[in-house]
Amino acid sequence: MRSQTPAPVMRADLGGMRVALVHANPWQTWRPVPPYGLYRLRTALEDSGAVVTIVDPYLERPEDEAEGHLTTRLRELAPDLVGFSLRVVDTLVPVETTDGADTSSDSTPLLRQIRGLVDAARRGAPDATFVVGGAAFPTAPQMLLDALGVDLGILGNGEAAVVDLAHRIRTSAPLSGVDGLVHRGCTLPVRPATAALATTTRRDPLFAPVFSAPVRTRTGCGMFCSYCTSSNTSGVNANYSLDLVLDEIGEVVDRSREIGVVGDIHFADEELNLPTEDHAVAVLQGIVDRGYAPDLRWSGYLNPRPFSDRLAELVKATNGFPEITVDSAVDSVLVANRRPVRRRHLDQLVDVLVRHEVTSVLNIMFGMPGETWETALETVAWARQVPEAVQVTWGVGVRILPGLPVSRIAAVEPQHVYAGAGPSFEEPSLYCPLGPPRAVGRRLNELLGGRPNVHGIPSGESIWKSTGVIAVAYRLVAAGVDVDTWVREVVDVASTAGPVSTRLLKSVDLIARWNDRPDLAEATPLSPAPAPPVHR
Ligand code: SF4
């Protein structure tokens, strides 16, 4: 499966057309991230003359005010077109802690809150055209359009499609023919759009790289893994312009240098090295050639193969932290889930990582379709022999979202379904043929214990119960807060957040400095202990 080169976004006459882009992401309350996809759409629309406003309801207001805030904002903006970014419809981590009932799940469905946002938007802009898109939309396009009560969606890169759609709305032209456009009720296959910006993405300055600054180097994935939302994009994928990717990285590095921090980037690609590693190698070589490497570190998802010595050298030279999707060390399980890797590749990968001293983490998922305790124990044995220089994390169970291949397997194996009745956006149903996922997690903790580089499932509360202070920090900085309020509502809260306190204080300090508020940073006490960013 080769990558295409995407066509550039064409301009249209949208002079003065009002567009609202809604970051429909309730998880902003706990894990605020920049709406990168919407920044790309806004850049494309503004380049054609549209007046674009991004509304991020669950960041701009506390959870219980988000819907009302969106209604108010849309009444003020009176948009002709409202786009919703479905970044996540579920948190997708089946078991985050060993505490809790065996058959329960920590996966958090978000679709009801997203529907609440769509309804709130209707109250604010009853005559506007609504369209949805985003990373979660390919999961089950028709089901999501039905669930949200929206008639149009865009599959794939939305930046050219939204310009074309806006122009057709403005000129009352037929909508059929817009690249990647899905109509509710029409089940004809739609090929995802790939056209990409011909400029760098214009970002809002507010977001510090607390969870790293996202940069995409490509779109789509050529693979079809059983549990993955990207498996429904027909294998369509394309590489972005190398120069533009490097220019975007350079902008993050420049800003980071200005405030004296290392530029933290997350490559927001499905897998940085699929279907080949050529583009990843070119991007990393470009980082070296442009002199960014000393002031940069990056993370990104990579497949275990291809992972050549050349790629490993460049990962090391650019301070990369690859998060590598291993899933299982047993070929029958990898085949059953259409994973593009086999056991022999894992052994080659570990050898390359160790020889090049690459800091990395291998992610394993126990309980995929085809798993038995025999295969799970084989993967346990493999994980236990991974050298200590390579980190290993693991999880249990697969979230059964409608539309994904795993949902068809779960439908005929209901005895392996927990925490819900089966495929659902609203119940946190899990598939796990090893037994109740949380109980399995406790047993695997014992089986994998004693290895310093293998990280088990912790006990106690999920860390995401303590991270609401990050969104508060953004709101207060945006409002021009005074130091006393910052200390009371941010520093005091972060300081008493238990095990994540150090990380939270570093995060809010970075938010203050990124937004040119040295007075707030000065009032934020930091521990010398390292607190690496969290990406998942
Ligand atoms: S290779 Fe990765 S991104 Fe692609 S379908 Fe599989 S899990 Fe998803």
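Which residues does the domain assignment give to domain 1, domain 2 and domain 3? I looked this up first. Domain 1 takes 18–91 + 109–183, domain 2 takes 213–397 + 432–463, and domain 3 takes 466–522.

Confidence. I note that this is a predicted model. I read a mean pLDDT of 93 for the protein, with 97% of its residues at 70 or more. I marked residues 531–536, where pLDDT stays under 50. For that stretch I still find 23 contacts in the model beyond four places in sequence.

Domain 1 against domain 3. I took the centres over C-alpha atoms and got a separation of 29 Å. In contact I list 9 residues of domain 1 and 6 residues of domain 3. I have the area buried between domain 1 and domain 3 as about 550 Å², with 60% of this from carbon and sulfur atoms. On the domain 1 side, I noted Trp30, Pro32 and Leu59, which supply 69% of the area that domain 1 buries against domain 3, more than any other three residues.

I looked for salt bridges between domain 1 and domain 3 and the count is 0. For polar contact I have 3 residue pairs across the interface, both residues of each at pLDDT 80 or more.

Ligand. Which residues surround the ligand? I list Cys221, Met223, Cys225, Tyr227, Cys228, Glu270, Glu271, Leu274 and Arg339. By class, I count 6 nonpolar and 3 charged residues in this shell, and no polar ones.

Conventions. Residues numbered from 1 in each chain as written. Predicted model: local features only at pLDDT ≥ 70, side-chain atom pairs only at ≥ 80, totals over all residues. Heavy atoms only, no water. pLDDT = per-residue confidence, 0-100. Contact = heavy atoms within 4.5 Å. Near = heavy atom within 4 Å. Nonpolar A, V, L, I, M, F, W, Y, C, P; charged D, E, K, R; others polar. Domains from an automatic or database assignment. Buried area = accessible area lost by both parts, 1.4 Å probe. Salt bridge = Lys/Arg side-chain N within 4 Å of Asp/Glu carboxyl O. Polar contact = N/O pair within 3.5 Å; in protein donor to acceptor, adjacent residues only side chain to side chain.
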